[in-house]
Amino acid sequence: MAESLTATLDLPDARATEALGQQLARHLPEDTRGFMILLEGELGSGKSTLARAMLRALGHRGPVPSPTYTLVEPYTIGGRTVYHVDLYRLTDGGELPYLGWTEMDDGLMLVEWPERAPSLAARGDLIVRLRYLGTGRAAEVVAQSPRGRALLRPVMS
């Protein structure tokens, strides 16, 4: 397996988090089937903000509800399927099949709280670790796959 590529970014406010989401969306490959972005961080660290910004940058114009209670919110945007997934309410990764996890390989997966299913860590193309930094946030973005590295390189420049 090739080495991962890591970038650390300061996100002084919600607009900076949204801008990161927009950049990531802009540099996604054309074919995002099976592409997985894992969004890690404490409550309120910006995971949903980043996911919403990505969905809007991809062209979604309607509301973007948090999938905290539904667990999965599917979107079809310009012929692309995107799944916004929130695993906060899972007790362990063994519950993934009950969410229809194996059927989500046909689209891009934006997964909040992937720590609830530890097996996902090695499968993510990109991991975005959000943390508090003073009054703002910081993001450590780790690309673990060739597709993830191709996405992260232009964001770093």
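**Figure 1. Salt bridges link Glu40, Arg129 and Glu140 in a network.** A salt bridge is a side-chain nitrogen of Lys or Arg within 4 Å of a carboxyl oxygen of Asp or Glu. The structure holds four of them. The model is predicted: local features need pLDDT of at least 70, side-chain atom pairs count only at pLDDT 80 or more, and totals for chains, interfaces and linings use all residues. Residues are numbered from 1 along each chain as its sequence is written, and side-chain values use heavy atoms, leaving out hydrogens and water.

**Figure 2. Arg129 and Glu40 form a salt bridge.** Their closest N and O atoms are 3.0 Å apart. The pair links distant parts of the chain, 89 residues apart. Arg129 sits in strand β6 (residues 126-133), Glu40 in strand β2 (residues 36-41). Strands (E, at least two residues) are DSSP runs, numbered from the N terminus. Glu40 is buried, at 15% relative accessible area. Arg129 is partly exposed, at 32%. Buried means under 20% relative accessible area, exposed over 50%, and partly exposed in between (1.4 Å probe, protein chains only).

**Figure 3. Glu140 also meets Arg129 in a salt bridge.** The N to O distance is 3.1 Å. Glu140 lies in strand β7 (residues 136-143) and Arg129 in strand β6, so this pair ties together parts 11 residues apart in sequence. Glu140 is partly exposed, with 30% relative accessibility.

**Figure 4. Asp31 and Arg33 pair through their side chains.** This salt bridge spans 2.7 Å, N to O. Asp31 counts as partly exposed, at 36% relative accessibility. Arg33 is exposed, at 54%.

Conventions: Helices (H or I, at least four residues) and strands (E, at least two) are DSSP runs, numbered from the N terminus.
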